[in-house]
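The following note is intended for a colleague who is meeting this structure for the first time. The points are numbered so that each may be checked against the model.

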Amino acid sequence: MLIKEKYVILDDIPETLNLNTELCILNYNIIPVLELTIKLIKHNQNVTFWVATKDFSKEYVQTASRLGVKNIIPLPIKTELIDDFFVTKNEFYNDENGQNFSKLENSKVLIVDDNELNVKLLSEVLCDLGIQITTCLNPMSSLELIKTEKFDLFLLDILMPNMSGFELAEEIKKTNKNLNTPIIFISAISGTENILNGYNLGACSYIEKPFHPNIVKSQIYNILKSEENKREIEREKEHFVATLTHDLKSPINAEISALKYLLKKNPDEIKTIQNELLSDLLNSAKYMQLITDKILCHYKQKNNKVELHKEDTEFAKLIISSIEETKYLAGEKDIRICFSDNTDNDTVRVDSIEIKRVLNNLISNAIEYSNKNGIIDIILEKEGKNFIFTIQDYGIGIDLSNKGNVFDEYVTFSKQQKRTGFGLGLNICQKIVEAHNGRISISSLPETGTTITFSIPE
């Protein structure tokens, strides 16, 4: 037995269980005398217990964890580790470097450590990152959280009562929500075997206590930033698929309607209309090809920004072309589309493919939300140097009073109208119109109809 002012090193179970010290290091194999060691630790709940050993096996670590041992240190014992314990016990590290980190408000981190001082230290180190921090002092209480909440990072101590950090990591990997969430072990336990155990359990990093706060903060920040970038890539993929699907929906439906119309006719009638139908189907297929090429090109760009290729275009011809491409959709509901051109066939400098996307979206929506045998009015005017396009239907309309911005991404009224939709159409239209330095607006009343207007400078 070695007795110092603030700590004691025990080579065996002492005769008396009363320890008048802050730190006790057990310098013997705890497994053969497990019951006596349990009594010793329980009898001295205000004492911090460490184990000094050469055995860093998973079994030994988990046994020490269940006993309530706070640290496993290698032999021979280094006094520097003991000195660090008393430093970190009485004061926190200060961030002296003044590093600037961007905020990560959407990132959620779970810290699991039975030592309240460690939890407080980690929370203070990470507070200026703006992340959402959840803490658990008991690993058992975190089991429900890891099943029900999605986290972006776990910071786990290894030596904890009832369940070690290694065991908790195994439970995390069994969940659906956090199967791929990165794990960092922050522990006082050193030794190659324990570090390898951590990495074998899927840890992305292993940080030994005592740690330098700036280094830990940088490690955690970079991991969370990487996770945020992954999420952004996934959002871009989802948006790409949804946008492509939405844009292809109208021409595909138009082709289906045309083919249904063709199949209803008798052979003699087919001969007289087949050239017109085939021409319409070909134009529809060409339009779908243009859409796919354009969107694929867009999504090679960063931030999904609309890249325009402007050319002088007769606006009225674009509108007539869109009406033609959607006429079979209108025909299925016996809807009449009336177009008034008040511009004297003036040209406008626009990306014709992008504006066609807007026109087809708006006309298809008007058809979908119109009643059978209804009318859709389309008006093209010019005010000063601005072209004004207005489309008005007199159908079921929508209630805009309880919604946010109808042009926001994924805002949809499809459920309200018992239809299916992504909520991307108007968002796409707004992005394209605004990319042309234009403006778009909507007004609608239930059972009255909807009017959408957009303006584009010449």
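1. Strands S8 (residues 153-156) and S9 (residues 183-187) are paired in the parallel sense through three bridges. Phe154 lies opposite Ile183 of S9. Strands and helices here are DSSP runs numbered from the N terminus (E, at least two residues, for strands; H or I, at least four, for helices), and two strands pair if DSSP finds at least two bridges between them.

2. The model is a predicted one: local features need pLDDT of at least 70, side-chain atom pairs count only at pLDDT 80 or more, and totals for chains, interfaces and linings use all residues. Residues are numbered from 1 along each chain as its sequence is written, and side-chain values use heavy atoms, with hydrogens and water left out.

3. S8 and S9 belong to an open sheet of five strands with parallel pairing, in the order S7-S6-S8-S9-S10. Its edge strands are S7 (132-136) and S10 (203-208), each of which pairs on one side only. Neighbouring strands are turned against each other by 15° on average, direction ignored. Helix H4 (residues 116-126) packs on this sheet, touching S6 (108-112), S7, S8 and S9, and its direction makes about 175° with that of S7. Contact means heavy atoms within 4.5 Å; axes are lines fitted to C-alpha atoms, for helices over the stretch in contact, and angles run from 0 to 180 degrees between N-to-C directions.

4. Another open sheet of five strands has mixed pairing and the order S12-S14-S15-S17-S16. S12 (336-341) and S16 (439-445) stand at its edges with a single partner strand each, so one side of each has no neighbour in the sheet. The twist from one strand to the next averages 10°.

5. Within that sheet, S16 and S17 (residues 449-457) run antiparallel and are joined by seven bridges. Ile442 has Ile452 in S17 as its bridge partner. Helix H13 packs on the sheet, where H13 touches S16 and S17, its direction making about 150° with that of S16. Helix H10 (residues 315-325) lies across S12, S14 (375-383), S15 (386-393) and S17, and runs at about 175° to S12.

6. How are helices H12 and H13 packed? H12 (residues 352-368) and H13 (residues 425-435) meet at an angle of about 145°, their axes 9 Å apart. The residues of this contact divide into eight nonpolar, three polar and two charged. Here Ala, Val, Leu, Ile, Met, Phe, Trp, Tyr, Cys and Pro count as nonpolar, Asp, Glu, Lys and Arg as charged, and the others, Gly among them, as polar. Among the residues in contact are Ile355, Val358 and Asn361 of H12, and Leu426, Ile428 and Cys429 of H13.

7. H13 is mostly covered, with eight of its 11 residues buried; Leu426 and Gln430 are among them. Just after H13, Asn437 takes a positive phi of about 65°.

8. Finally, the cysteines. The count of disulfides (pairs of cysteine sulfur atoms within 2.5 Å) is zero. Cys136 counts as buried because its relative accessibility is 6%, whereas Cys338, at 24%, counts as partly exposed.

Definitions and conventions. Buried < 20%, exposed > 50% of the residue type's maximum accessible area, 1.4 Å probe, protein only.
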